[in-house]
Amino acid sequence: MNWDQIQGKWKQAKGQVQQKWGDLTDSDLDKVDGKREELVGKVQERYGIAKDEAEKQVKEFESSCNC
């Protein structure tokens with residue numbers, strides 16, 4: 001699945017995002033609002049990881065999401 005599809009179905013995708021990254025709050029996900037770079041930033045911030053690691057995790061999510 002590509003990010004445009006995930007963004008278009010963000011309300012459905014939010015549940016899967018929260019399963020993968022349980023530390024992200026509903027407020028975080030509302031702020032992300034389907035924007036990929038925002039999600040990368042929130043994952044980086046909440047988990048204290050480098051940007052390239054957050055990018056890698058989001059890319060893995062993107063390819064495995066069945067939203």
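How many salt bridges does a search of the whole structure find? The search turns up six, a salt bridge being a Lys or Arg side-chain nitrogen within 4 Å of a carboxyl oxygen of Asp or Glu.

1. Some ground rules. This is a predicted model, where local features need pLDDT of at least 70, side-chain atom pairs count only at pLDDT 80 or more, and totals for chains, interfaces and linings use all residues. Residues are numbered from 1 along each chain as its sequence is written, and side-chain values use heavy atoms, leaving out hydrogens and water.

2. Now the pairs. Lys14 bridges to Asp30, with the closest N and O atoms 2.8 Å apart. Lys14 sits in helix α2 and Asp30 in helix α3, so this pair ties together parts 16 residues apart in sequence (helices are DSSP runs of H or I, at least four residues, numbered from the N terminus).

3. Next, look at α4 and α5. Arg36 pairs with Glu55, the closest N and O atoms being 2.9 Å apart. Arg36 belongs to helix α4 and Glu55 to helix α5, so they tie together parts 19 residues apart in sequence. Lys51 also bridges to Glu37, at 3.8 Å between the closest N and O atoms.

Technical notes. Helices (H or I, at least four residues) and strands (E, at least two) are DSSP runs, numbered from the N terminus.
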